[in-house]
Amino acid sequence: MTEQAMRPQFMGARVKRVEDPRLLTGQARFLDDIDVPGMLEVAFVRSPYPAARIMGIDTKAAKAAPGVRAVIAFEDCPVVLWQKDAYEVGQPVLAHGEVRYVGEPVVAIVAENRYVAEDAAELVTVHYEPLEPVLDMYRSIAENPRRVHENASNVFFYKKYTTKGFDEAFPAAAHHLQETFRTTRQTAVTLEPRGTAAMPDPASGRMTVYASTQSPHRIRGDLAELLGWPENQIRVIVPEVGGGFGMKANTYPEDVVVVWAAHQLRKPVKWVSDRTESLLTDVHARDDIHEVEVAFEDDGRIIAIKDHLMADGGAYPAYPFSGAVGETSLASRVLPGPYQIPYIETEIHCTYSNKTPLGAYRGVWGPIASFVQEGIVDRVARAVGRDPAEVRRINMIRPDQFPFRNAAGMVYDPGSYGESMEEALGLIGYDTFRTRQTELRKEGIYRGIGISVFVEPTAMASSEAGSVGYESVFIRVEPTGKVTAAFGLGPTGQGHETTMAQLIADQVGVNVEDVVILHGDTDSAPFGGGTGGSRSGPIGGGAALVAGREMRQRLVKLAAHLLEAAEEDIELGNGQAWVAGVPDRAMTIQQLAEIAYTHVKRIPAGMPIGLELVARYQPERSVSFSNGTHVAEVDVDIRTGMVQVLNYVVVNDCGRLINPLIVEGQIYGGVAQGIGSAFLESLRYDEDGQLTTTSLMDYLLPEATDVPRMMTKHLVTPSAGEGGIKGMGEGSLIGAPAALVNAVSDALEPFGVMVNRLPVTAEDIRQWILA
Amino acid sequence: MKPATFEYRKATTVADVVQWLKDAPDGKVIAGGQSLVPLMNFRLARPSVLIDINGIRALHHVEYDGSTLDLGALIHHQEIADHPEIQKKFPVLTVAARHIGHWAIRNRGTLGGSLAHADPASEWPAAMVALQAEIDVQGSPGVHRVPASEFFLGYYTTVLEPDEMIVGARVPATGASRIGFAEVARRTGDFALAGAFVEDCLDGTGFVTWFGVSDKPQRIAVALPPARETSWREALEQLTLNDVAEDKIALAIEIAERALKHSALVGAAYFGAHAIRGRD
Ligand SMILES: Cc1cc2nc3c(=O)[nH]c(=O)nc-3n(C[C@H](O)[C@H](O)[C@H](O)COP(=O)(O)OP(=O)(O)OC[C@H]3O[C@@H](n4cnc5c(N)ncnc54)[C@H](O)[C@@H]3O)c2cc1C
């Protein structure tokens, strides 16, 4: 790298998102905006029962309804979403003989439009024989009242891990405490719901699939495999996506049915989820129980944690991975968080139930594990009568301990754990807080502060985006000197068109406006894993740096040849190449590109014609840890139970920043979702297995007025990877719930309250106060 | 989430509406659509005919003659929130209006729609009962006035006949007593978990009208001594409560207390951030 490339102009700058004008003016084109003549629409008949045998399906009336083109059942489209190497069962794309959750698709109606399709859906009669549903994790483990799948155990994932020496260390500690932490089902609730549109191209015979997904190549591969078509006969195009948060990382039954119907009918077919379908059938998340025992010393030093983790995976493993496994297995490995807790023992049970399949939701395991881990620290602090910040200091991993192997064997690369906490405490004014708190309590105001120090594994070799550990970039300097680069990523709003352009612009020596980023079209993008697990920044960004650098080397070589200078003396920038120290011996990149494509005789020997290349990047480490601290200050109205977030501080370290504006946007959004997790969001099933929260009247999301202004500060501990970048898409939601509920516990300390569930509602608080 | 098929008709006179409702007893009037459209999209309401009353100009008025505030059925919540004369003479309506949903909902939702919908957690039904308003109802024989205290029958039910509609409401001036308002909702703009209008007659007595805690709003006389817990409890005993859990009772009492405190505020404080949680 030349010296100048190490002084980037765009990386680290607050470049405004190129995506925003089209989004803010309503010009962005989402899946539902795709409309072609003759397009048919789908409505699904869904199971009203959590568990029932299908005794018969009568579709006669629906088939005869005017405007209906096809009525599809499993017999017509016998595809099963089954990851055979990991799970004993799969999900039929339309229920086959039995329904296993409310909302499971049973019959698909394809009609002239959605109105007609929904009318016809009402005409389908399905004869059900209800079965007793499996709804409780503890009972499910005991196969009680029955198995969800006759031929498979209810426990579909089991794992136990013990640090060597745990058995001696645990009982030897001075003190022990126990707690059961419970998180409640949530789902991502993307602004834009799921959807798929498929259109056969009669000329080529290929199928174009528009999909609102995070992983364009993955869904193409899945469709090819499930439908038995050659991969190159399918083109996946991902239009603008209005949020994914992990929920759009799966291939869903509806995707397959829509594509199958388009193929069968030789017509364009579309389905877009409505909000009720979203709440019923988008993968759920966070249905976990942690039964924890902690061993600690007089001074608050934590010696050992024992955790029995359970997650309710729902009726089927989501395809191709179950969120239950993701939530528990990673939680079990990162449970010690930023603390040097030497011993851990974890046991995991993931179970089936008659509920919606569990998948990924931003942070996956993280918000749960952080809530448990920070809940443990606060309990220990209260038990030994020390300040929660002090107990954190005692247990915190020190800078000289990196790389640090935690008790579960995860290796952390360097981070700013203690520093982030001290900075955050400084910003919120922790020194004086306890005095303020005491004064306020005298006036009947219950104010509390909650600290959450988190670690965030990013850039993982495998994540919900699959086990593609690398990303690819196809880059081209156009004959006019403008740059086009295509990625295999699947952005859902993160601003990759901006950040990736920044990285490439620096390398190639052009302005950021001269770089166009393409993504989401499998015909033009190189193979990639997609977006998920906070990998696009570090891995996708790493690939952008590598591709940009390789292109830079080509341009330098060409310029050196044409300017008759040594390669080491060539500098690139502002759309120009020049000889160092002799600025008038220069050529524009446009001139270079023109020569590369059209005056090819002037290209040096051995250099390829044109300026196009593909580069891939796979980080050497299989994971890189971001970190940070959230501190929340809240008031709890003990009479109404309402919590008001007064102040919120985030100190975040995601290595070198590509664009602080975007990093802060990610933080704000994650904290907003954290407020949802902490106080509002909960998918509730009643005792009969009916989901009772099927509209946004019942499933409450945080609104703008619930989200406080927050103060953010960046610390920079670069990763060892390309550009020193770490991922940061999830940390804010990992850290936030713990900070918020710990603040509630702190505020209600006079009442002996320690929050052990997410979300904590006003009703919970009122009942605790009365108790 | 698409409505079942319906016929759409646009009315320009109340007489049209009444006639069309007579012809199609399962027809429905649509005003702001903020409650009806969701019900139709869930297919919980399936009117054969949808009668749009938004073109009836006569229903869109606010008039105050010094003793009675005359509100047309099509007045939007936000119009009440913004009306300078209402703010001066009926400030409690201003404060209450700002607690209804969000700006976008208040811009479309109407007084008549809210009263007809009769959600027991709504502000307007309780406001009308608390302020002893009369509701103007028009059917085939003409207009008749129903005291608000007799209009609401229970959860989502009123005395309206299938071929009748609300044309307006008449609110009498409040005299010497002071009226305060308080509400708690899970989020800004949500329906109330508990809300109350409390009238302090400044002679140690008053009235409380809760919403969100029982099947319908009722104006209940209460004694207001310095220690009032028993008064509130006795008043609550007169209602058909949604939930008799102690924390819900305690919440209703707390809200009544806050409404009473609010009634004592004057000027800007009465409209202050503390009174108005609906900041959007
Ligand atoms: C997100 C959201 C939040 C909300 N929050 C609140 C809240 O906090 N408090 C609150 O009070 N409301 C709230 N609402 C409801 C809102 O205030 C509605 O506007 C109101 O309840 C109904 O008024 P409308 O004009 O929209 O009526 P519509 O939806 O058009 O009609 C509702 C019903 O009234 C009937 N109707 C309408 N007008 C008449 C009439 N003149 N005569 C006879 N029948 C008639 C209709 O036939 C229908 O049955 C909320 C709504 C939403 C969507």
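How many residue pairs are in polar contact across the interface of chain B and chain A?

**Entry 1: the model.** I note that this is a predicted model, in which local features need pLDDT of at least 70, side-chain atom pairs count only at pLDDT 80 or more, and totals for chains, interfaces and linings use all residues. Residues are numbered from 1 along each chain as its sequence is written, chains are lettered from A, and side-chain values use heavy atoms, without hydrogens and water.

**Entry 2: the interface.** I looked up the polar contacts (a pair of N or O atoms within 3.5 Å, one able to donate a hydrogen and the other to accept it; residues adjacent in sequence count only if both atoms are side-chain atoms). The rule finds 14 residue pairs between chain B and chain A, both residues at pLDDT 80 or more. On the side of chain B that touches chain A, helix H11 (residues 246–263) of chain B gives the largest share, six residues. That side divides into eight nonpolar, three polar and 14 charged residues.

**Entry 3: salt bridges.** I then searched for salt bridges (a side-chain nitrogen of Lys or Arg within 4 Å of a carboxyl oxygen of Asp or Glu). Eight are found across the interface of chain B and chain A. Asp119(A) forms a salt bridge with Arg43(B), with the closest N and O atoms 2.7 Å apart.

**Entry 4: helix H3 of chain A.** I checked which residues are buried (under 20% relative accessible area, 1.4 Å probe, protein chains only). Helix H3 (residues 114–121) of chain A is largely enclosed by the rest of the structure, because six of its eight residues are buried. Among them are Arg114(A) and Glu118(A). At the start of H3(A), a side-chain oxygen of Asn113(A) comes within 2.9 Å of the backbone nitrogen of Tyr115(A).

Conventions
Buried means under 20% relative accessible area, exposed over 50%, partly exposed in between (1.4 Å probe, protein chains only). Helices (H or I, at least four residues) and strands (E, at least two) are DSSP runs, numbered from the N terminus. Ala, Val, Leu, Ile, Met, Phe, Trp, Tyr, Cys and Pro count as nonpolar, Asp, Glu, Lys and Arg as charged, and the others, Gly among them, as polar.
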